[in-house]
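Here is a friendly tour of one model, written for someone who likes to know the cut-offs behind each term. Have a look at the sequence and the structure, then read on.

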Amino acid sequence: MVIGLLAGRGNVGRTTLSLALARLAAERSKVSLYEYDVVSPKLIPFFPWQAEEVKRRITDIDREKCTLAGKCLEACQFGVIKREGDSVRHRLHLCRGCGACREVCPERAIVWKEVPCGEIGRGEQGNVTLHAARLRPEEGWDGFLTRKLRETFPQQGDAVLKAPLGLSAPALRMVKESEAFVLVSTVHPHVEDEVKVFGEIVQGFGVPGAVVLNLSAEVPESVSRLCQSLGLTTFSLPRVEGLAPGRELLAEAPELRPTLEEIIAWGGGK
Ligand code: SF4
């Protein structure tokens, strides 16, 4: 069982649901829980956390050598280096370390530099092992850390994968090994558009897909019909009154257990 949880919008319960599914599946066997949202890794506080600092290589400008030739500005496809009056500004936190600017500088004024970009670690509790990373707040690019996270902890065994926020390529790259995709959402004015995009994703990957409408007593008829036409299964999870931050769904709302078990079974768990 490898279930990937996606969300087009924030604060819809992706963290709560992924944790509840992992805990439930772990009642039968060991489960890996992957927190791929390195910008906002909300799963970390639920586990004893041991992490190591991660550094990455970026470029910087040697001001003593720079003659404002401007070649680096043209070479950088990420718009990291900007001309400002009679100076050049290098926004280090956005640099992707591709080295293109270094190749073209006629003065050899671009130098390599190592900077901390975040931390990667794990936390174990019972049968659930969390693998996660946390981007430093000042970092403007999460690509290096997410790649490093996947390399450090390759996916194996039964797993629940929490994707980065969004239904775009970076989020899908992180959960592409999933055997089943879940869209976590709520009833909101654009939910049908979101479901359509998700339906296309699921069809593209050729895996089963489900929509979990959180904070909803039931799935509205229009959403249900749409999901049916797209071959998506639907679940609804009613609002849990008084579920404070840091509290777990399974412990606080045991009445949701049957629905959560259905999701696990649908996703290939026993
Ligand atoms: S290393 Fe690449 S991303 Fe960084 S400033 Fe140079 S060209 Fe831009």
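The shell around the ligand divides into 10 nonpolar, 3 polar and 1 charged residues. Here Ala, Val, Leu, Ile, Met, Phe, Trp, Tyr, Cys and Pro count as nonpolar, Asp, Glu, Lys and Arg as charged, and the others, Gly among them, as polar. In total 14 residues surround the ligand, and the closest are C76, C95, C98, A100 and C101; a residue is near a molecule if its C-beta atom, placed from the backbone, lies within 6 Å of it. Strand β3 (50-61) and helix α3 (100-104) each supply at least two residues of this shell. Helices (H or I, at least four residues) and strands (E, at least two) are DSSP runs, numbered from the N terminus.

A word on the model itself: it is predicted, so local features need pLDDT of at least 70 and side-chain atom pairs count only at pLDDT 80 or more, while totals for chains, interfaces and linings use all residues. Residues are numbered from 1 along each chain as its sequence is written.

The domain assignment, which is automatic or taken from a database, gives domain 1 (2-29 + 158-266) and domain 2 (55-116). Their C-alpha centres lie 42 Å apart.

Now to the sheet. Its 9 strands form an open sheet in the order β3-β6-β7-β2-β8-β1-β9-β10-β11, with mixed pairing. β3 and β11 (233-237) stand at the edges with a single partner strand each, so one side of each is left without a neighbour in the sheet. From one strand to the next the twist averages 20°.

Two strand pairs are set side by side below; strands pair if DSSP finds at least two bridges between them.

| Strands | Sense | Bridges | Facing residues |
|---|---|---|---|
| β4 (residues 81-84) and β5 (residues 87-90) | antiparallel | 4 bridges | K82 and R89 |

β4 and β5 form a hairpin with 2 residues between them, and G85 in the turn has a positive phi of about 60°.

Which helices pack at an angle of about 80°? They are α1 (residues 14-25) and α9 (residues 257-266), with axes 10 Å apart. That makes α1 roughly perpendicular to α9, a label for angles of 65 to 115 degrees. Axes are lines fitted to C-alpha atoms, for helices over the stretch in contact, and angles run from 0 to 180 degrees between N-to-C directions. A20, L21, L24 and A25 in α1 meet L260, E261, I263 and I264 in α9, where contact requires C-beta atoms, placed from the backbone, within 7 Å. By class, this contact has 7 nonpolar, no polar and 1 charged residues.

Methods:
Parallel < 35°, antiparallel > 145°, perpendicular 65-115°, else oblique. Contact = placed C-beta atoms within 7 Å.
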